[in-house]
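Please open the model in a viewer and keep the selection panel at hand.

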Amino acid sequence: MGDAPGTPAFAKRQQGGRSLRAGGAAISANQSSSSSPNLSPNPNPTVPPNRCTAALVLADGTVIRGRGLGAAGTVVGEVCFNTGMTGYEESLSDPSFAGQILTFTFPHIGNVGANGEDEETARPAVRGVVLRADVTAPSNFRATQGLDGWLAHHGIPGIAGVDTRKLTRAIRERGAPSGALVHDPDGNPDLDAALELAMSWPGLEGMDLAREVTTTEPYEWDQTRWRLGAGYGTRTSSRFRVVAVDYGAKRNILRCLASAGCAVTVVPAATSGEDILALCPDGVFLSNGPGDPAATAAYAVPAIRAVLRAGLPLMGICLGHQLLSLALGARTKKMHQGHRGANHPVKDLATGKVEITSQNHGFVVDAATLPANAEVTHTSLFDGSLEGIRLVDAPVFSVQYHPEASPGPQDSHYLFARFTALMERRA
Amino acid sequence: MPKRTDLKSILIIGAGPIVIGQACEFDYSGTQACQALKEEGYRVILVNSNPATIMTDPEFADATYIEPVTPEVVARIIEKERPDALLPTMGGQTALNVAVALAGNGTLKKFGVEMIGASREAIHKAEDREQFRRAMDAIGLESPKSRTVHSLAEARDALAETGLPAILRPSYTLGGTGASVVTEREQFDSQVQTALDASMVDEVLIEESVLGWKEFEMEVVRDRNDNCIIVCSIENFDPMGVHTGDSITVAPALTLTDKEYQLLRNASIAVLREIGVETGGSNVQFAIDPVTGRMVVIEMNPRVSRSSALASKATGFPIAKVAARLAVGYTLDELVNDITGTTPASFEPTIDYVVTKIPRFTFEKFPGTSDRLTTSMKSVGEAMAIGRSFQESLQKALRSMETGLVGLDEPEGAGAMDARQRLAAVERPTPERLQWIAQAFRDGLSVADVHDACRVDPWFLRQIADLIAVEEEVRANGLPDDATGLRRLKSMGFSDARLGLLTGVEESQVRAMRHGHGVLPVFKRVDTCAAEFESHTPYMYSTYESADWDGPGRADDDEAKPSNRAKVVVLGGGPNRIGQGIEFDYCCVHAAYALSEAGIESVMVNCNPETVSTDYDTSDRLYFEPLTLEDVLELIRVERTSGEFLGVIVQFGGQTPLKLARGLEAAGVPILGTSPDAIDLAEDRKRFQQLLTRLGLRQPRNALATSMAEAVAGAATIGYPVVIRPSYVLGGRAMEIVHDEAGLRRYMGAAVRASGRAPVLIDDYLSEATELDVDALSDGDDVFVAGIMEHIEEAGVHSGDSACSLPPYTVDPATVDELRRQTEELARALGVVGLMNAQFAVKDGEIFVLEVNPRASRTVPFVAKATGRPIVKIAARLMAGEKLSAFSLGVSGAPVGHVAVKEAVFPFDRFPGVDILLGPEMRSTGEVMGLDRDFARAFAKSQLAAGVRLPDSGTVFVSVKDGDKAPVAQVARRLAEMGFSLLATDGTAKYLAAAGIQADRVNKVGEGSPHIVDRIQAGGVHLVINTTEGALAIADSFEIRRTALTRHIPHYTTMAGARAAVLAIATMRSGPLEVTPLQSYSNNTI
């Protein structure tokens, strides 16, 4: 998205709920012109790559030239990476990537095109994408268009032909830099302007990006998880009423809740505790989301504290986990090296079992600052960092990683059952 | 959970000889398992009959039994060693089958041995088709529709359910033996019968065809705490219908969305749980309907497999090592990821490159068999390549194959074919199909057309179409004269050689131009984590990256980071093939070990994922790269930037690195050991002849020919029969015994391709001569003869196919000593530094030098095992500058106090229609060793280890050529004395009768039923002795040999072999074979 931060871009977000299938159909209709994307040739295989049509300019002055893709334009953000080998459509539409330019370490991105069905939000918030190989024509029975077209449709510029491993190593060693990505199909990217933009970008610290990606209006969600051949289903029973606070929620979280028998009402990030409780939920869910948790905490913490006071079962994921921790009086800090992949081992300290998880976070809760009634339940086996907590005196827990997967392994789906069990016990 | 302390000793079963479907990947896994369990402090007992393995080196186990891997022999080892546990998952199907048999017959229970890694129940559930299908139903996973049958009648009923095409899968076989696709009703009956014969339990699954579907494999590891990880996903380029071992495969899977991938992941883990694989690695295979995404489970292996080796090399995750530790009680989170050194093994490797594996075939050695690829595996090896894009990895893999390809070369014979024939070649799965696909794009066919013909996923097809489009652009415009253009071509994986071919420029000129523009590869590391964490393991591959970085981040990102140590590069052997296999990998691995022991850094280069040499901790540094001059020069360029570069070892990897020696030397790279000139001297017929004349040594009369006329004249001077072969080939490629001028003309006309422009060698064929192999060590001054082996089959049978005995068993001591003397003289004269192999023929007391190879030979591991001397390690250190006197080796050529017999193992059962007669062209895939105190026992063990069960009573069929009639009488008399009944064809029966030996006459096939083949079919024959010569007689008796083969009846096609077999039968009748560990033979180990 080429929009400057803060531009209201959520007009359609409330359609993410009940009206989703209509929205999905609209996307399909858009693409029906390319009737069989699977058998079309790759775009311009023999066009010489000599023309630089895109550049990624880092705040330290590094200029990486490459070939542009997706939308034309200039974007600025934090340059991060993800090591997942599948699920780029989900990642690119994950609102948690707001404010970020996403580098994929796997070289071939776009092989299976895009299908709309795998989108995690209606309006992707990632700012730009950095790839090693050129995007190819898609090959997959569910593909409805190529990734290039999908990126263009969503206003996301990209650059291909980059040594993404070198970039990843640089990020690993020096931290995630600010960068500006320019895609100029005419081959004259304005590098000076890009450098200026990158240098002037303030960075994610202190940035409340949840406010940008959250829904503006509450809505109901009843779509359940995907099945091969059947697609998404519709919730048939409603055992529990759950209010999900949307800080940038991925749809699959809502689907997992619906599949677990929850009637979900999604509310905007800034919804007050009073308004949440007024919906008479059996449990409250705090979603994932982008940005600096400390910044979002300003309005989220009071609401969460109200929920905690009411003694309601509560579950948090990622940013939701961090906001819960802040509400409990703990502190968060920016990690030197964030967790960005779908292969992270997390140990459930209660069972001793290891789950392979999907992760995407650059901030972490400082375990030393947790209150006495909070217990660490999960830790990362990669770096020992905190991955999950629960309250010993209340039906409350949260995890730093993404149990909803999508993309990534589904080992942690059991946590949604843990949430409904808490609601069950209380009922 | 920490490791188990209730176990003290563990028996590991190896895979036995290299056969198709079970190659050196099981040396890799077995070696890792031995190492891991020894490190954990367990007493490791190992049984494996294959002497060319690293795992059978005496230091890898506490007790190493080089004994036949059969239930009876392993039971005896258990009785003697009393292990607490048995680990059956490291030795392929062989080990599983033996373990199941030992569990079934009560041996394990009797001696209190616990099976770890996989239970008998789990193995049954995974291997028994019907049980497996029921298990899949139970967890809601689809399988292709199928039925298990035990007879032809049942099979016909099942057909109604599955329809055609249908797949036939025999139960309990390895590598898919006997599995086939039936497309036509007329062939159904005979194919079902073949499948029933191949099954150990006369059971076949008839299955709905999913031909043309996409095929995927998942490599799963599970621990006793039910933690499951996927190490690697693999996508087959070739759709369903081609055995995965014969398919081009790619890692990771490239055409799945995350939703589909997670379905496979969940299903794979569910399969392991349901089958009950408690700990260890398994692989699960799936087929996916490309149109609907419907997913069916095809099969699973509850053990480490070929795919596990590939997955380990592709990701850096050491599956076998981890599986061995999990089997003794560890959980994944307790094990460290060796590659990063900082993160645990409980994670899923993620990679930032693409891996392509291409199988290697040897159909040219089996004329008469179809080269169509089916569900029965036929490849003998494979090459793997790593690139940062599919195109780069594919093209690197193609040039790693050493089949002469430098990229997507035009297929042979394309010019003579019309469009319809070319399309048929795209449809038909063969080793050359990839080239035909590329050719189709050259011919202007669309991706849709090609996809319709071959069902290969359009994503792969487009990648190939793009490569061809770029090739055409280069062909039209020439090479770009700028760095950006060249870099683009190189990053697509084009070799300098291919670019040279496309533009009519020498490869060296392309390289010079490229270097002139500063277009060089960078080396990246295989780190299991896509650079998310720092990795300390120097496991590298090359790639071409964009150089378009400016500013502070500009510095080149080459991760090779060569050390400042003194270093030696060891060039490996490349993909396994007949004639060049595990023996050479054994040598390369030993070179690496020896260098490390001598304080020199070892740098390994190889592209074979099955091997121990490509394990990241075998050498100090590993380059997984094609063994071409271009790729090797580039990595040497980087290695030379730091430390002291001592040179390259080319004499351990077989012909592959030798071929590079000249080019490397020309580029100023020091070659360690014997000089390339001496290697050439030994190969060059004229120069070698001069040398022999100077030394006063004899050679069979011979001639050299570069034309038909020269050949005809030469052969006439020598006199027929002659042995004829191209120079510079290994494994007797295209070597033939020619009996007359017509045969010579046919040979010269057709079969010189294997050698290109090099001349053809013609030798006098010394019939009835005894052949001997000698391996020696030399430091240039002193020579040590390490082993003298007498071939059991006469000269004329390729040395790789002949059984042999160390020490010689018929040749007199004076001749043996003269052989030692001649070998020492040859080594000194050639200036050998390192190893040398010489082959001699002895006829009527006279010694003839057949050939000399100043390099490691195929027999070196056998000699090392038989004599207990680490001769390759010593050779490596001689090459690095040490002297022989530094090693107290004792007397050159001194005999050992026991006998070792090597026997070859053949893949004939894979190639219907091929004659099993032995000849000068090597066709064996592997070998076994029989070790005992005398020749008869050692030979008996070698036969048992090779899968030949000699009878102790019954009927022997004898039919021999005239020349063998006199010697066969002796053999027949001995058999009759032992109570065998004899059966003979007319001529042989009459001869035996005249000699006073009673033999029943039986019809030849041509004489009408009931004939000998009917008798064999009916099960009334227990041993076949059949020698033959002349085209007509050979054709007449072909059915006899094939039938004996398919009915698993011991058969000998040479008199020498028959004689040895009779000795073995006699000794086996006198008492059971004892088992003895290698360690107690090798008291003379240095």
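Begin by selecting Ile1025(B). Leaving aside residues up to four places away in sequence, this residue touches Val956(B), Phe957(B), Val958(B), Val960(B), Val968(B), Val971(B), Tyr1052(B) and Ala1058(B); two residues are in contact if their C-beta atoms, placed from the backbone, lie within 7 Å. The model is a predicted one, in which local features need pLDDT of at least 70, side-chain atom pairs count only at pLDDT 80 or more, and totals for chains, interfaces and linings use all residues. Residues are numbered from 1 along each chain as its sequence is written, while chains are lettered from A and ligands numbered from 1 in the order in which they are written.

A separate, second core has 16 residues, among them Ala166(B), Val181(B), Leu196(B) and Ile206(B). A nonpolar core is a set of buried Ala, Val, Leu, Ile, Met, Phe, Trp, Tyr and Cys residues joined through C-beta atoms within 7 Å. A residue is buried if 20 or more other C-beta atoms lie within 10 Å of its own, exposed if 12 or fewer, and partly exposed in between, with C-beta atoms placed from the backbone.

Next, select Leu257(A), Ile437(B) and Val570(B), which are among the residues with the most contacts inside the largest nonpolar core, a set of 466 residues. Helix H20 (residues 582-597) of chain B gives the most to this core, with 11 residues. Helices (H or I, at least four residues) and strands (E, at least two) are DSSP runs, numbered from the N terminus. Domain 1 (9-200) and domain 2 (210-426) of chain A both give residues to this core, so the core lies between them; the domain bounds come from an automatic or database domain assignment.

**Between the chains**

Now display both chains and find their contact, which takes 64 residues from chain B and 65 residues from chain A. Which helix gives the largest share of the side of chain B that touches chain A? The answer is H16(B), with 8 residues. In total, this side of chain B divides into 27 nonpolar, 18 polar and 19 charged residues. Here Ala, Val, Leu, Ile, Met, Phe, Trp, Tyr, Cys and Pro count as nonpolar, Asp, Glu, Lys and Arg as charged, and the others, Gly among them, as polar.

Select strand E2 (residues 63-70) of chain A together with E19(B): the two run antiparallel and are joined by 2 bridges. Strands pair if DSSP finds at least two bridges between them. Within E19(B), Trp549(B) is the bridge partner of Ile64(A).

**Chain B as a whole**

Chain B contains 35 helices and 39 strands. Its C-alpha trace spans about 90 × 70 × 65 Å along the principal axes, and buried residues make up 62% of its 1086 residues.

**Backbone details**

Most residues other than glycine have a negative phi, and most peptide bonds are trans. Select Ser406(A) and Pro407(A), which are joined by a cis peptide bond with omega about 5°. Pro407(A) is in the loop between strand E19 (396-399) and helix H11 (414-426) of chain A. A cis peptide bond also joins Tyr720(B) and Pro721(B), with omega about -5°.

Finally, select Ala530(B), which has a positive phi of about 55° although it is not a glycine. Ala530(B) is in the loop between strand E17 (522-525) and strand E18 (539-543) of chain B, and is buried, with 26 other C-beta atoms within 10 Å.
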